Amino acid sequence: MRFALSIALVYATASVSAQTPDPTRLTLDRIFTGEEFRGDHLAVLKWLDHGAYTTLSPSPTHKGANDLVRFDAAGKRDVLVPAERLIPPTAKEPLAVQGYELSKDLDLVLIYTNAVKVWRQNTRGDYWTFRRSTGALAKLGGDAKPSTLMFAKLSPDATRVGYVCENNLYVEPAAGGPATRLTADGRTEVINGTFDWAYEEEFDCRDGWRWSPDGKSIAYWQLDTKGVPTFTLVDNTAAKYPVVKTFAYPKTGERNSACRVGVVAANGGETRWISVPGETRTDFYLPRMEWAGNSGELVLRRVNRLQNAVDVMIAEAATGQVRTVLTERDGAWVDVPDEPLEWVDAGKAFTWISERDGWRHLYRAAHDGSGLARVTRGEFDVIRVVQIDEKANRVYFIASPENPTQRYLFSTALDGSGPAERVTPANLPGSHDYSFSPDGATAVHTYSAFGTPPQVELVSMPDHKVIRPLAANEKVREAVGKLSQTPVEFFRVDVGNGVKLDGWLMKPPSFDPTKKYPLVFHVYGEPAGQTVVDRWGGNNYLWHLLLTQMGYVVASVDNRGTPSPRGREWRKSVYRKIGTLASEEQAAAARQLLKDRPYLDATRVGVWGWSGGGSMTLNLMFRSPDLYRTGLSVAPVPDMRLYDTIYQERYMGLPQDNAEDYKTGSPLTHAADLKGNLLVVHGTGDDNCHYQGVEKLADKLIELNKPFSLMAYPNRSHAINEGKNTSRHLYGLLTRYLNDNLPAGPR
């Protein structure tokens with residue numbers, strides 16, 4: 001369900017036909033089938049020392065191929081590897097570089113190509129090495145099948161490459177040759193060096209192994225899915241007979257995969273398993289593991305099944321023994337950040353994120369967990385730590401103390417002294433993100449605002465002076481600027497009991513306040529995503545703008561429980577009340593807007609959402625049938641019991657302990673109250689929010705003799721974007737359904 005909000009990408013995506021008769025008016029073809037709104041491509045950028053970096057640049061001699069280029073801090077360009085040097089002996093064209101890693105001396109390049117998707121991302125492919133000094137190009141993996149290697153990484157001394165192939169770990173000489181097989185038990189059910197579906201989807205776990213700093217050992221995860229209930233997807237389009245795909249998927253209350261961490265010598269041998277107490281199938285998860293700043297210790301984060309306690313554990317690599325040095329507890333749930341712990345003071349201390357004072361702040365603790373001290377201070381949330389600069393005694397982080405819809409860079413002293421200072425210039429409202437060079441002197445700055453496509457530039461730090469643009473997006477910004485539109489309005493709406501929700505509202509270009517307009521809400525409302533953010537919204541924004549040009553008012557509101565930086569109580573108030581509190585507050589916000597704004601037509605209120613927003617749409621249509629007249633529910637979960645353990649139990653507890661709230665929060669329970677026009681859209685190949693739930697909903701609505709419309713996209717995933725014209729067809733369907741059932745225009 002986390003996937004839903006990635007639909008609105010930070011970088012402009014999608015669109016236009018070759019001829020645009022009226023540049024001020026949007027069409028579905030302009031948005032979904034052309035190139036007009038496709039932003040400048042920023043290739044993979046990797047920092048080097050002293051503000052230099054490498055990136056990929058289109059080859060002047062081979063169309064579609066890329067050179068590997070180095071830029072120094074002043075902008076001087078140097079081609080490290082021309083595309084023509086990456087042509088395999090039996091090929092005519094260079095390798096299509098989709099990822100790369102460089103040795104410290106920049107002589108050896110590890111190249112990732114021929115990538116294929118594994119669930120969400122292209123994490124399986126082929127790997128080659130290229131030696132700049134000799135021109136030697138070598139394919140790794142021996143006679144392995146194409147696109148079967150995963151997560152290859154150079155050893156610290158760049159003499160070897162480790163990788164995962166068909167659920168086993170290997171180490172191979174960097175120049176190619178016989179590989180050492182480190183694990184032999186990998187198969188469909190036993191997974192070494194990567195993860196099962198649930199860990200990947202809900203903990204963002206994919207790369208499941210780590211070189212030790214000295215290169216002598218490898219630490220890795222092993223998951224065993226035996227005993228986990230399986231789910232089956234049926235593809236009726238690929239062949240004459242159905243193609244069946246079955247995979248382990250633990251729905252709420254069911255058994256999880258066994259998970260453990262082991263250490264093995266990089267030249268082979270027996271694995272030393274870390275002795276983490278408890279039973280992972282029923283009691284806890286191990287979502288994070290790294291070397292603890294040295295080659296003798298690992299640091300693990302153990303999360304209990306209810307996900308309301310996280311233990312930081314230090315493990316001895318040689319013995320497998322562990323000790324808990326820090327425990328974080330919460331009455332609701334504890335979030336597990338994606339980032340590894342940062343080791344400071346020569347490995348004598350580490351940083352930690354906690355909400356223990358009611359706000360999300362950065363803390364610092366000694367190696368043994370003692371002396372936990374707060375670094376950032378104040379009534380605001382640290383959204384993300386960007387950079388720790390020990391030499392300058394500074395930590396840089398993203399926050400927005402005054403406006404939770406925006407994102408800015410701040411810094412403060414790493415020792416906890418002094419106030420936070422804003423680094424992002426005050427004249428740039430909106431949302432900002434940064435990637436710092438290792439020395440902290442330079443950063444890649446990405447900036448966008450609502451209705452304003454992103455621009456990417458290189459800036460110096462801490463003065464934030466622009467060095468040069470990297471992706472200006474001038475053409476797409478110009479195209480968007482020509483579109484007929486009115487400025488977006490950000491607002492707060494009072495829903496009672498002292499609760500005010502953030503929202504945005506888009507009006508038609510020819511808005512007349514003396515008339516009444518139909519209102520369409522875009523909703524999500526779950527803890528995995530926030531819709532009310534002052535940043536570029538990609539295709540979603542363009543489609544919403546198209547709706548305003550058709551005569552709709554479009555709005556979105558973030559209820560409590562969404563990950564808005566408004567403090568712990570804001571986010572955790574929905575614990576065990578997913579679907580219930582959110583739908584109450586969304587409906588209250590809609591009623592208040594209708595009351596406050598006489599130009600909104602209470603007889604023409606619609607709602608749409610995807611994934612968690614699809615579930616929210618169902619809840620609003622069923623729970624407030626006299627308010628919402630038309631709903632477009634895309635890829636919903638009608639019954640929370642059908643979703644996975646990690647996500648749903650985090651926010652709802654175990655269904656065995658909280659059966660009534662699971663029932664109350666699920667849209668399926670309230671289907672009998674449907675009155676309005678309902679369209680449900682789902683991909684039959686959705687491995688995330690299964691089509692099974694929609695069939696259960698359809699069965700219930702048929703039983704209740706409730707009219708509704710259902711569109712099943714054959715073998716499409718949760719994104720419903722595979723195949724030619726799929727996105728254009730989907731949004732055409734949504735647009736037609738709105739036009740047919742919620743008439744556009746003023747009255």
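User: How many nonpolar, polar and charged residues are in the lining of the largest cavity?

Analyst: Residues are sorted by class, with Ala, Val, Leu, Ile, Met, Phe, Trp, Tyr, Cys and Pro counted as nonpolar, Asp, Glu, Lys and Arg as charged, and the others, Gly among them, as polar. Here the lining of the largest cavity has five nonpolar, one polar and six charged residues. The model is predicted, with local features needing pLDDT of at least 70 and side-chain atom pairs pLDDT 80 or more, while totals for chains, interfaces and linings use all residues. Residues are numbered from 1 along each chain as its sequence is written, and side-chain values use heavy atoms, leaving out hydrogens and water.

User: What is the volume of the largest cavity, and which strand gives the most to its lining?

Analyst: On a 1 Å grid over the protein atoms alone, a cavity is a set of points where a 1.4 Å probe fits but cannot get out, and lining residues have an atom within 4 Å of a point. Grid points are joined across faces, edges and corners, and a volume is the space filled by probe spheres set on the points. The largest cavity has about 140 Å³, and its lining includes Trp333, Arg360 and Lys572. Strands (E, at least two residues) and helices (H or I, at least four) are DSSP runs numbered from the N terminus, and strand β25, residues 349-354, gives the most to this lining, with three residues.

User: Which helix provides the largest share of the lining of the second largest cavity?

Analyst: That share, four residues, comes from helix α7, residues 612-623. The second largest cavity holds about 100 Å³, and among its 17 lining residues Glu526, Ile578, Gly579, Ser615 and Asn619 lie nearest its centre.

Terms used:
1 Å grid on protein atoms, 1.4 Å probe; cavity = no way out; pocket = protein on both sides within 12 Å on 5 of 7 lines; lining within 4 Å.
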